Amino acid sequence: FFPQLDGAGSQRLIVVANRLPVSAYKDRSGRWQLQVSAGGLVSALMGVGNFKTKWIGWPGVYIEAGPERDELTAALHSEGYSPVYLDQKTCDLHYNGFCNSVLWQLFHYVPLNIDSKLSETRMLQFQWGAHQLANKIFAEVVLQHYQDGDIVWVQDYHLMLLPAILKETKPRMKVGFFLHTPFPSSEIYRTLPVREELLRSVLKADLIGFHTYDYARHFVSACTRILGLEGTPAGVEDNGSLTRVAAFPIGIDPDRFTEALEMPEVKANIAQLLNRYAGRKVMLGVDRLDMIKGIPQKLLAFEKFLEEHPEWRDKVLLVQIAVPSRTDVPEYQRLRSMVHEVVGRINGQYGTLTHVPIYHLDRQLSFNELVALYAITDVALVTSLRDGMNLVSYEYVACQRDNAGVLILSEFAGAAQSLGAGAILVNPWNINDLSQAIEYALMMSDAERRERHRQNYMHVTIHTAQTWADTFISELNDTHVEAELRTRN
Ligand code: ADQ
């Protein structure tokens, strides 16, 4: 699936992420199979090709040491992946607990749970302990594979403790850290009980990257206000030693999408969808089922639009793909029920015997199905309440090369800073505003549509995943050389 360590390329790159980009499962004959998982990080790193890359991460299964696990390890190694095995309890407390119920929420501006019963405070301590342990186990696997000169690129909020552990053992290791979520205002971040430990560890990396300048600025202010360090335009300074902090906006591999548009299977899919939806405008939402994606807000705005515009009721439909994620976390289970309820209500109210206003799918689509859907869509709706970047908006723009569809984009997605010129920017909390944006998008003149799309398409094709990784890694190499020179002097 991905370029491997012994493939083409020059420099060895170790990408460490909480999850491997594949999930392992057993087929009927009892053999291990690997399936690529949906998600922004995976999509972006699929577009990176210039390095000899090894991935290190959890393979998505709990499995005791023994012959079965050895088989899985061999299957993963043959594809360039090195698994980190965690037991179920540690993984649950670390991943579902500390990462997804605490950090993910807080980084997207959802405050810590105010229902602070004693039991929950204790739970946070258990989660933190498991989180520390999980990061230690990750570090052990990295150290097993590390060779002098390798670049180690640590991904995302699950592994913020990793830079400190790695540098403690190998002070000269080249370590980069990239955060895929927003980094919130320091006023939000400082509520975290373990705020100092995480900052101090991330600061051990040579280079820290964020999607936008705002996130980088928030991080630097957190370091100055919480740790009392000095923020400079280049980063954070601690006793004369500088950690570089900068913005590296991520992108996609646009060719992967434009080339797919030419494939016979995708063309057949497109023809079939166009036929099925003939005479109607198609709007589309593609999201992981997550509260940050603003799916209920999107549905409520569509409901309002249908209520206020009876003339559109049988002329427009919304396809909402919401692939379930983190299904073990109760908040995600509640969100799923809420989305089902609202979809049911709208379809009951505005559907007819021949037309359903919302097609809602709860599952992952294949790449070819997704590309075909992007291609036939007239208006894409990205209504995130907060989002590090949001690659769905990029993918949609790439697939609209010929049709120049309209993108409605939340101002709270990092992508608003790069696609703001061409998209209609909205505040997803304002259902009225969002409903009016839908009307504006559906009625937009051809000339305006094409001009808006031209600007976005240019951005998506120039700022790719490859340029993102190249820029980050070249800056990491430079930063590391400067640091080495400073140490020698
Ligand atoms: P995500 O929160 O996963 O990523 P996003 O950037 O939109 O969000 O990426 C989602 C990816 O999953 C896209 O590549 C999309 O094609 C794929 N996907 C979603 N639903 C799918 C479905 N039903 N079937 C198939 N594929 C589907 C995190 C951050 C983002 C940040 C990325 C990258 O939350 O803000 O942009 O990392 O840094």
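Let us start with the contacts of Asp287. Setting aside neighbours within four places in sequence, Asp287 is in contact with Lys293, Ile295, Ala322 and Val392. Please bear in mind that this is a predicted model. Asp287 belongs to strand 12, which covers residues 281–289. Is Asp287 buried or exposed? Asp287 is buried, because 22 other C-beta atoms lie within 10 Å and the cut-off for a buried residue is 20 or more.

From Asp287 I turn to Pro163. These two residues are 124 places apart along the chain, and their C-alpha atoms are separated by 31 Å. Pro163 is one of the buried residues of helix 5, which runs over residues 162–169; the others are Leu162, Ile165 and Leu166. As a general point, an α-helix has 3.6 residues a turn, so residues three or four places apart point the same way.

Nine strands form an open sheet in the order 5-4-1-6-7-8-11-10-9, and the pairing is mixed. At the edges stand strand 5 (81–83) and strand 9 (230–232); each has a single partner strand, so one side of each is left without a neighbour in the sheet. On average, neighbouring strands of this sheet are turned by 20° against each other, direction ignored.

Strand 1, residues 12–19, and strand 4, residues 52–58, run parallel and are joined by six bridges. Within strand 4, Trp55 is the residue that Val15 stands opposite.

Conventions:
Residues numbered from 1 in each chain as written. Predicted model: local features only at pLDDT ≥ 70, side-chain atom pairs only at ≥ 80, totals over all residues. Helix = DSSP H or I, 4+ residues; strand = E, 2+ residues; numbered from the N terminus. Buried ≥ 20, exposed ≤ 12 C-beta atoms within 10 Å, placed from the backbone. Contact = placed C-beta atoms within 7 Å. Pairing = 2+ DSSP bridges. Axes fitted to C-alpha atoms, helices over the stretch in contact; angles between N-to-C directions.
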